[in-house]
Amino acid sequence: MEASGQPYGALENGAVGCRDGRIAFVGPCDAAAAHGADEIIDCGGRWITPGLIDCHTHLVYGGDRAAEFELRLQGASYEEIARAGGGILSTVVATRRADEDALVAASLPRLDALLAEGVTTVEIKSGYGLETSAELRQLRAARRLGRERDVGVETTFLGAHATPPEFADSGSYMDHVVREMLPAIHAEGLADAVDAFCEGIAFSPAEVERLFEAARALGLPVKLHAEQLSSLHGAALAARFGALSADHVEYADEADAAAMAEAGTVATLLPGAFYTLRETRVPPVDLFRRTGVPIAIATDANPGTSPLTSILLTLNMACTLFRLTPEEALAGVTRVAARALGRDDEIGTVAPGKWCDLAIWNIDRPAELAYRIGFNPLHSRVWRGR
């Protein structure tokens, strides 16, 4: 609950009222009767949280990258695999071959795994097509997932994810992204935001800046994969454009954090990628706390570096690997995750006027959501009051 003054924003013996899919009342049970109700559901003393939000995923793709998992175990690095034609580009080949129906069919089980753990909103990026038709197909498939299931879907255009082999260099490909791909995506209304991968093996800050200028001209918000493998100050660049979030951010420094705090840019931490890549540089959580940078967490569900479709395991990883508190972790998949999507006016907290997206849990205390490993205490899930 917003502004309860208690740990986790908790309200003991509380009630939530819903009308037309939105929250109409939040307060003590003994005050709920005055509002009247056509139907009363007794949750049996269970904990109710906002529906969980996975604010960074790559759910829609073709194929898998299990072979790369074996290569990493033999000592190959992320960069070595990428430069040898593996990594993102291997998924691009499989995704380009898949039609929209095949992409939807392959993605539904991944989405269902998230919904089974209380997720009610998910962000889905493109970035495995790297050509206009395939990127459009990915985003259309992502939007279809939101019609196939009771879930809110936010779509992000990530055409600047890697340079496809048909382009000589990243600069010429970014020309194509800015002049051809982004306008086509925008014309169909398929992007809620624009993202890029700012890294030595991907796109330079100058190239990303060109994309962000184009996105701003179209009125699209931006976010950025930044500071994952090195320090390029992409997070500060993102903040300069008022980015919703800078994601990964293991190598963010004081200048990045100061810029993000001033802009209100969320730091989205992705422990699944950190774990899978066996990284050792942890995000500067204490720096973000000290400077007031909001912290979200997400699965980063993708075929190569974070084949993770458990938001509950992500909570545990964030606490165990990054030393977030269970309360910070839960906020990171509710209130702050909503902010990372620019949707905190409608989802992320249990408050009147917001969508009635809830998760009801068989737990004795909220810390259990981050404490348990491989255990799902979800009792029921509510989306838009249903």
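Predicted model: local features only at pLDDT ≥ 70, side-chain atom pairs only at ≥ 80, totals over all residues.
Which residues of α4 are buried?

Residues are numbered from 1 along each chain as its sequence is written, and side-chain values use heavy atoms, with hydrogens and water left out.

Back to α4: its buried residues are Ile 88, Thr 91, Val 92 and Thr 95. Buried means under 20% relative accessible area, with a 1.4 Å probe and protein chains only. Looking down the axis of α4, you find these buried residues within an arc of 110°, so they line one face of the helix. (That arc is taken from the directions from the helix axis to the C-beta atoms.) Their cover includes α3, α5 (100-115) and α6 (132-148). The helices here are DSSP runs of H or I with at least four residues, numbered from the N terminus.

## The nonpolar cores

A nonpolar core is a set of buried Ala, Val, Leu, Ile, Met, Phe, Trp, Tyr and Cys residues joined through side-chain atoms within 4.5 Å. The largest one has 93 residues, and Val 122, Phe 157, Leu 211, Leu 269 and Phe 288 touch the most other members. Helix α7 (residues 170-187) gives the most to this core, with 7 residues. Apart from it there is another core, of 13 residues, including Cys 55 and Ile 347.

Contact means heavy atoms within 4.5 Å.

## Pockets and cavities

On a 1 Å grid over the protein atoms alone, a cavity is a set of points where a 1.4 Å probe fits but cannot get out, while a pocket is an open set with protein on both sides within 12 Å along at least five of seven lines; lining residues have an atom within 4 Å of a point. A volume is the space filled by probe spheres set on the points.

The second largest pocket holds about 250 Å³ of space. It has 14 lining residues, and Ala 82, Leu 89, Ala 162, Thr 163 and Ile 201 are the closest to its centre. Helix α3 gives the most to this lining, with 3 residues.

As for cavities, the structure has 3 of 30 Å³ or more. The largest cavity has a volume of about 120 Å³, and 13 residues line it, with His 58, Tyr 78, His 161, Asn 302 and Thr 305 nearest its centre.

Conventions
Helix = DSSP H or I, 4+ residues; strand = E, 2+ residues; numbered from the N terminus. Buried < 20%, exposed > 50% of the residue type's maximum accessible area, 1.4 Å probe, protein only.
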